[in-house]
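Subject: Structure handover

Hello,

Please find the structure we spoke about below. My notes come after it.

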Amino acid sequence: MPAGGFLHANDAPGAYPPSYYAATATPHAPCPSLAGSVQADVCVVGGGYTGLSAALHLAERGFDVVLLEAHRLGWGASGRNGGQLNTGFRRDQPALEALLGQATAQQLWQLAEAAKALVKQLIGRHQIACDLKPGIIDAAHRPRHVEGYRRYVEHLQQAYGYEQIRFLDRPALQAQLGSPTYHGGCRDDGAVHLHPLNYALGLARAAAAAGVRLFEQSEVRRWQVPRACRIETAAGVVEARYLVLAGNGYLDGLAPSVARRIMPINNFIIATEPFDQATARQLIRDDVAVTDSRFVVNYFRLSADRRLLFGGGETYRSRFPADIASFVRPRMLQVLPQLAGCRIDYGWGGTLAITMSRLPYLARLAGPVFAAAGYSGQGVAIATLAGQVIAEAVAGTAERFDVMAGLPVPEFPGGTRLRWPLQVLAMTYYALRDRL
Ligand SMILES: Cc1cc2nc3c(=O)[nH]c(=O)nc-3n(C[C@H](O)[C@H](O)[C@H](O)COP(=O)(O)OP(=O)(O)OC[C@H]3O[C@@H](n4cnc5c(N)ncnc54)[C@H](O)[C@@H]3O)c2cc1C
């Protein structure tokens, strides 16, 4: 099945999904829709972390930037996600060492640490109120995984000098989480979690303050590069020296060479009723975020008003399930059975992009056209970084861009026709293995 339709399949045009995040978003006035002809140094397509970070960093370097967003700023994955700012890339360091060698793995570690620091810095510098809290626990859903966590923690400490992570045996884990299902894991206090939409909206405010002209409800239909870039929406045209394509899972036909390397998938989150302080602390003692070792990961954390935000379940077609709460709730009860009687106040879905290698895809397509996508579930930090390194590359310093653009991200096998059934088959197989 083609990737088409993710941009329009599920939510009303120009409206945020019915999420806890949208309900608690920092108030922001809508931006105008593009009309007529405008000129800029750079046109950025997509108002998520990639696009907003690129736009902000370009404007700070003195470029005149226009950003076009099809719906609302932060409407895509950036306004809907689990809010976990993890350490590293989606592939862990031992996997990167095996795939790319020690030197590149070290470089990537430094980049991922820079990404985490960048997000924290941006939040501090631009005073973005986004409920930032420290700590992520990664929990083993099978006893056989526990030893791997111990070795992983030792490896990060010894090979990378990373001291903010510690191993948790079963009693240590059980003391911190109100779930009977986990057998051990690790806790990373260098990782954080946040309100993802308010982080995106904070980036948008910072970008606007730096001079970026932001347009919402301005879907790009086509672009071409005869001499300068010409980018068209239904009602307007931007002429720019550079173009940054930051549509991620929604990119679709805008950039076929990117689309062939990413697969859009949907993931879902529910928010319970708010709990009192004591109940909340029984669920997650230290208010950290939690993720687990399943292939289709379960992840959860408490909101600022002490709701449990629980994410889990994937689908591979553009349409979301009709009843998202019923789709996710059994997964939550498997992990936290004590929540059987609790009310579910919100349920929403989002589309992210994964790559074959689970490494991000950054590319310079035609001379003045840049693209970044496919963070494979780890975009809060890495997409923010990707925007910054694209800004550096546009400005003529491509050192970090070249490292990221050099990562192996093959096309999905099967061509455009067989890519979907083959991948869905593979993903369904691994999802089934979660239950074994
Ligand atoms: C449910 C869910 C949970 C997740 N959990 C986490 C997590 O806990 N931690 C983590 O690190 N990552 C997580 N992710 C992934 C993370 O959200 C993404 O990697 C990140 O937000 C990607 O940012 P982006 O700007 O590249 O894409 P997006 O945020 O998707 O933004 C792309 C934007 O481009 C716009 N667009 C697309 N096409 C056009 C067009 N033709 N014209 C104009 N605009 C266009 C879209 O409307 C959209 O707003 C999760 C994702 C989902 C969906």
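Predicted model: local features only at pLDDT ≥ 70, side-chain atom pairs only at ≥ 80, totals over all residues.

Residues are numbered from 1 along each chain as its sequence is written.

Whole chain. The protein chain has 13 helices and 17 strands (DSSP runs numbered from the N terminus: helices are H or I of at least four residues, strands are E of at least two). Its C-alpha trace spans about 65 × 45 × 45 Å along the principal axes.

Domains. The chain is divided into domain 1 (20-80 + 197-262 + 357-428) and domain 2 (132-195 + 264-355), with bounds from an automatic or database domain assignment. Their centres, taken over C-alpha atoms, are 28 Å apart. In domain 1, 24 residues are in contact with 16 residues of domain 2 (C-beta atoms, placed from the backbone, within 7 Å). On the domain 1 side, α1 (20-23), α7 (196-209) and α13 (415-433) each supply at least two residues. That side divides into 14 nonpolar, 7 polar and 3 charged residues (Ala, Val, Leu, Ile, Met, Phe, Trp, Tyr, Cys and Pro are nonpolar; Asp, Glu, Lys and Arg are charged; the others, Gly among them, are polar).

Ligand. Of the 44 residues around the ligand, Gly48, Gly76, Gly82, Gly350 and Gly379 come nearest (a residue is near if its C-beta atom, placed from the backbone, lies within 6 Å). Elements giving two or more residues to this shell are α2 (49-60), β11 (262-274), β15 (344-355) and α11 (379-394); α11 gives the most, with 4.

Helix pair. α4 (residues 102-125) and α11 pack at about 90°, with axes 8 Å apart (lines fitted to C-alpha atoms over the stretch in contact, angles from 0 to 180 degrees between N-to-C directions). They are therefore roughly perpendicular, a label for 65 to 115 degrees. Their contact has 10 nonpolar, 2 polar and 1 charged residues.

Regards

Key. Parallel < 35°, antiparallel > 145°, perpendicular 65-115°, else oblique. Contact = placed C-beta atoms within 7 Å.
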